[in-house]
Amino acid sequence: MITNSVVRAETITIWMAEAEGDIRAQSDYLTQLDAAIGDGDHGTNMRRGFDAVGQALAGQADGLPPGRLLILAGKTLVSTVGGASGPLWGSPLRRAGRALGDADTFGGDQLALALDAAIAGVIELGAAQPGDKTMIDALTPAVQALRDALTAGKSLEEAVRAAADAARTGAEATVPMRARKGRASYLGERSIGHQDPGATSAAIIMAAMSRAVAETRE
Ligand code: ADP
Ligand code: MG
């Protein structure tokens with residue numbers, strides 16, 4: 001059966017809270033991944049950023065529509081995270097928020113458009129292509145899977161689950177890739193054989209989104 005799940009402000013606050021919890025729980029793992037091919041700060045960066053997002057949304061978000069919440073989350077990440085991840089996550093969340101405008105609710109098609117805008121934000125900032133071993137390798141297949149599922153008539157809940165699965169598979173697929181962007185690219189061939197930390201956190205964030213949509217289903 002097709003359910004007409006609708007995304008609303010609560011979906012975004014739950015998404016960000018779930019992301020905060022999961023990133024905190026996996027912070028050491030993300031840092032280990034970054035220690036192998038970067039500078040070992042990815043878990044700390046993401047944790048600091050998403051802790052601040054949780055606080056910002058808890059404190060100032062009453063009555064804001066979903067798009068505004070994402071813009072607030074993005075601004076918070078930019079201002080609290082020093083590493084590449086601050087702007088690399090802050091910019092796409094702001095873009096996604098702007099794409100949603102001031103609507104109180106939205107559905108799967110708008111969610112796909114918002115994620116397109118988010119990916120465009122990451123690419124504009126970092127110029128990564130699919131296959132460069134970055135967060136793009138988790139996000140791009142996720143949006144593709146979301147769209148494919150919606151086109152096939154799946155419910156939003158099923159579609160976001162497919163997106164989360166595709167993000168995880170995409171993150172795992174970074175293992176044999178050679179990094180062409182960011183610090184890991186300095187390692188050249190030696191970046192091969194390790195999972196990209198940013199793609200891994202992107203998969204965590206997409207899984208959190210999937211659960212938030214399921215939890216706030218109408
Ligand atoms: P830093 O590299 O400043 O230490 P982090 O460790 O927090 O920042 O983040 C590293 C992650 O950022 C990488 O694993 C990768 O997924 C992502 N990343 C790095 N450069 C780019 C880029 N140009 N485009 C997209 N993502 C990138
Ligand atoms: Mg790092």
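Tutor: Helices here are DSSP runs of H or I with at least four residues, and strands are runs of E with at least two, all numbered from the N terminus. This is a predicted model, in which local features need pLDDT of at least 70, side-chain atom pairs count only at pLDDT 80 or more, and totals for chains, interfaces and linings use all residues. Residues are numbered from 1 along each chain as its sequence is written, chains are lettered from A and ligands numbered from 1 in the order in which they are written, and side-chain values use heavy atoms, with hydrogens and water left out.

Student: How many residues surround ligand 1?

Tutor: A residue counts if one of its heavy atoms lies within 4 Å of the molecule. Asn45, Ala84, Ser85, Asp196 and Gly198 are the closest. By class, the shell has seven nonpolar, eight polar and six charged residues (Ala, Val, Leu, Ile, Met, Phe, Trp, Tyr, Cys and Pro are nonpolar; Asp, Glu, Lys and Arg are charged; the others, Gly among them, are polar). The number surrounding ligand 1 is 21.

Student: Which pocket does ligand 1 take up, and what is the volume of the largest pocket?

Tutor: On a 1 Å grid over the protein atoms alone, a pocket is an open set of points with protein on both sides within 12 Å along at least five of seven lines, a cavity is a set where a 1.4 Å probe fits but cannot get out, and lining residues have an atom within 4 Å of a point. Ligand 1 takes up the largest pocket (more than half of its atoms lie within 2 Å of the grid points). Grid points are joined across faces, edges and corners, and a volume is the space filled by probe spheres set on them. For the largest pocket, this comes to about 540 Å³.

Student: Which element gives the largest share of the lining of the second largest pocket?

Tutor: This pocket holds about 210 Å³ of space, and its lining includes Asp22, Tyr29, Glu172 and Arg211. Two elements each supply at least two lining residues: helix 8 (156–172) and helix 9. The largest share, five residues, comes from helix 9.

Student: Which helix supplies the largest share of the lining of the largest cavity?

Tutor: The largest cavity has a volume of about 120 Å³ and 15 lining residues, with Trp15, Leu93, Ala96, Leu115 and Ala118 nearest its centre. By class, the lining has 15 nonpolar, no polar and no charged residues. Helix 5, helix 6 and helix 9 each give at least two residues, and the largest share, five residues, is from helix 5.
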